[in-house]
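Subject: Structure handover

Dear colleague,

Please find the structure below. My notes on it follow.

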Amino acid sequence: VNGVDVSSALVLEIGLAILMLIVFLVGLVMPAGDKRRVGVLTAIGLVILLGLSWRAEAGTEIFNGAFVQDELALFAKRLFIVATLIGVLASLPLRAAAFARRATEYYMAILASLLGMLVLGSARDLILLFVAFELMSIPLYYLTGFLKREPEAVEAALKFFLVGTVSSAVLVYGLSFMYGIAGTTDIRGVAKALTTGHPMLLLGMLLALGGLGFKIAAFPFHMWVPDTYEAASTPFVAWLSVAPKAAGFVVIFRLYLEGMGDRVLFWVPAAAGLATVTIIGGNLMAIPQQNVKRLLAYSGVAHIGYMLVGFAAVSANGAAMMLFYLVAYLFGNMGAFLVVEAVAQAEGSEGIAAYRGLAQRSPILALSMLLFLLSLGGIPFVAGFWAKLYVFWAAAEQGLYWLVLVAAVLTVVALFYYLLVAKRMYIDVPDRRDPIPVAPLLSFCIFVCVLGVVLTGIYPKPLVVAALRAASPLF
Amino acid sequence: MSAAMPLGLSSFPVLSIITWSPFVGALLIMFLARRNAVLVRWLAVVSTAVSLILSIVIYVAYDREAAGFQFYEDVPVVPPLGINYQLGIDGMSLLMVLLTSIIIFAGAWASWTVKVRSQEFYALLLVLVTGVYGVFVSLDLFVLFLFYEIAVLPMYLLIGIWGSSGEVRPQGIFGWAFGRTGVGTKEYAAMKLTLYLLFGSAFILVGILALYVANDSSSFSFLEMELGQFDPRLQSWVFLAFYVGFGILAGIWPLHTWSPDGHASAPTAVSMLHAGVLMKLGAYGVVRLGMGLLPDATLQWSWLVGTIACINIVYGAFSAMAQTDLKYVIAYSSVSHMGVVMLGAATLTEVGLNGSVYQMFAHGIMTGLFFALVGLVYEKAHSREIFKMGGFGRMMPGIATAFTIAGLSSLGLPATAGFVAELLTFLGAWQSTYSWWLIPAVGGAYLTAIYVLRVTKQIFWGPQSLDPHFQNLPDARGPEWAALWILVFVIVLFGVWPSLALALVDTATMPLLNRLWVLQ
């Protein structure tokens, strides 16, 4: 096929498929009561896969360009694998019996979803894109309802599933218009057809943006987020809040930016509008939350809005800064969720009140949480500051000063509810003095996230350079 | 731009040492002084003393003939984006650095009695000071913004943990909201102050980004932007962004309401630093970035800045009169006096701008002294209610005398620093295009006399209170005297010898005004 070795472009996907087979087979021979060691195997496999991703070469295309392994795909794939690795490691200490008995299912589903993401990162064909999207999404519904005896989990899974399938329908409806007008399923062909300015094609692309809006949880398509997050197991939610959204953004890059040239300017009003309502909606709805998972869910919606600010800049810089933002968000958001998990395991509560005086009980855990919250809030010397600064800069370059101002002012609202958590931890007096026990693997994951947040905050340059290189093939 | 350095200071990173010395102190306190309260205090005093001594050294060594930015340092940080760690100091920022050094050194002594979690208290306080120094000495707008954020955030914990809650009675048309939001509590004040200031920083960030993009995204350097010509329309809105952003910190009406709550709830050293130095940081930002980089917009908007400053003076003074809580009186007087600072800047005259900078310094020292004294009174008498206290002058003559001197400086009595500052500002207002500004300005000084003298008389010099809690109160002792002596000395010194500061300030304000006058 075009003289390119198929296996070299597909190396990560093939590796992951092999890993899934091994996990499946090993899971079969494990003792029925406790299959948790499957997770260890999964984690080791993912580490190898992550190493492979640095050996993979960028710039190969196979299947007539339907599958492309460029810098963007590789950057995104590394991000997916890192997020999954952290999610898997943090899942290992989960104590519910279901996680021991049905561990094979759990990790298989995560890996299947990851496979969908990896393909999605490279898909440049409408059909491949849609299939990969579903491969990513369906295991997520299943994982949300993994604790099938708990009514909240079932409710959340059903809600997520219904909203998710409807959004898939809207997405595929939009894709069908694109195919109908462009006469090809190749995304580059769609981009060329856009010069005609055919209204049905524009309608199709807007419909697809709506469908994607559900996946990335942009306002007003975010309704599934808080319930799903609240009911599902926290390490899974930490992963869910990052990896599938990152995949959604890669699709946005491919569909709306790649090979568009000057025509990207079509998307500025839609993207800026979506960013504005998402930032405002997410931040305002986060304020009254008393459950930290719900609070992080709404704040996550707001963060999607900030990434859309980078999309609204419709430039290589804007796309690169969104990628940077995704990495900062990965460490900050996953870290915060993992602290929630640590506190919930000890206190049995995800409520904001469980954090009373945490700084005097477990100072290091409290400091980690503070760093994550400050990073999410965009305070200097942690990763989130540069992330916000860079997307603002990209938008300012396009003259979108009003958007930057709205977004910057709303960060103050975000800091309000982040500081409410900080107040509980640092200002309130604890009821008890004993430190919170944290499982070693969980503290390792939290430590990794702290490292990511702080190192990126102090020395962002290598990541910026990598993100700029990843975004370069788009324009 | 780097002028000849006297005393061989050219290769010595003196500004960095001044800036980072408190930060190093904070690190030492966190890692070395675990549960050793005395060592914590001495580390704080020593690290701030290093900054103070070096500030005095550069004050002496600054070449007044050459003027401009001196003690220049430049280290590229993120070269592709044009971010450099670029420091330099001119007459105006030098005076502000000196002010910061004096206040924090006195503040370290004044906080000697902080007992709860004192290690964290001193560490956060010193980090905060590093941020303040950084804003005054950095010439790179981006680095300036970073330091600004450092100067804002520790405040939340400082007020929230070590602050004190006052009594605020629900009243007025928003009375229903008082109970729900917890007005008057330290948590409320901490959150309000932090959110207001971060709200301001959002505007500052947008302004800085706009100038950066207009400058071809090449450099954040103040010196390079100063040479460029920005489009007047861009200047116009960026100036407003800077005015709102830095103006919130300077306490401009109607965005000042964080300041009385915050200063009243903050612990002593934080009130001293915040009212004494951080509010000046706002005014400094308006003058340095707003007026320094955007000359067309300055001419366009000076009427607005001056008019709001007049409202500040009168509104702040009337509000101060209405308070029954001693700390709120001082806090509102800061709002009033910051109006004088902004008014002097808005006159666009040499005397006015010099008066403005002089007032930044004079008010900083004076209000620092006030808050130190209020803290002492509260610690001895455990009360801030003015009309419950009385006749303290007999029991604490030292505190009473210092309070009276601060009060006299506040109302602008000759031979105090406040007199020089207000006189210059009034002269500037008279010479400016809008000479009617003089009326509210002088009226404000008169109102200040009323409330300051009334408070002083009631608490210290009036008849003795019969309340059994207020009998046999001690005077200041030990380390507390250090704080009072330093501040009183500076007030009187700069009151009788104004050219100590004025000659210096003039070297910085004249070039700035010359750029404006060329346009007029």
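**A helix pair in chain B**

H14(B) and H15(B) are roughly antiparallel to each other (an angle over 145 degrees). Helix H14 spans residues 326-346 and helix H15 residues 350-381 of chain B; their axes come within 8 Å and cross at roughly 170°. Axes are lines fitted to C-alpha atoms over the stretch in contact, with angles from 0 to 180 degrees between N-to-C directions; helices are DSSP runs (H or I, at least four residues) numbered from the N terminus. The residues that meet include Leu326(B), Ile330(B) and His337(B) of H14(B), and Leu353(B), Met360(B) and Phe370(B) of H15(B).

This is a predicted model: local features need pLDDT of at least 70 and side-chain atom pairs pLDDT 80 or more, while totals for chains, interfaces and linings use all residues. Residues are numbered from 1 along each chain as written, chains are lettered from A and ligands numbered from 1 in the order written, and side-chain values use heavy atoms, without hydrogens or water.

**Two places in chain A**

At the start of H7(A), a side-chain oxygen of Asp125(A) lies within 2.9 Å of the backbone nitrogen of Ile127(A).

Asn283(A) sits in helix H14 (residues 267-286) of chain A. With a relative accessible area of 1%, Asn283(A) is buried (under 20%, 1.4 Å probe, protein chains only). Beyond neighbours within four places in sequence, Asn283(A) is in contact with residues including Tyr306(A), Leu410(A) and Tyr417(A) (heavy atoms within 4.5 Å).

Regards

Conventions. Parallel < 35°, antiparallel > 145°, perpendicular 65-115°, else oblique. Polar contact = N/O pair within 3.5 Å; in protein donor to acceptor, adjacent residues only side chain to side chain. Buried < 20%, exposed > 50% of the residue type's maximum accessible area, 1.4 Å probe, protein only.
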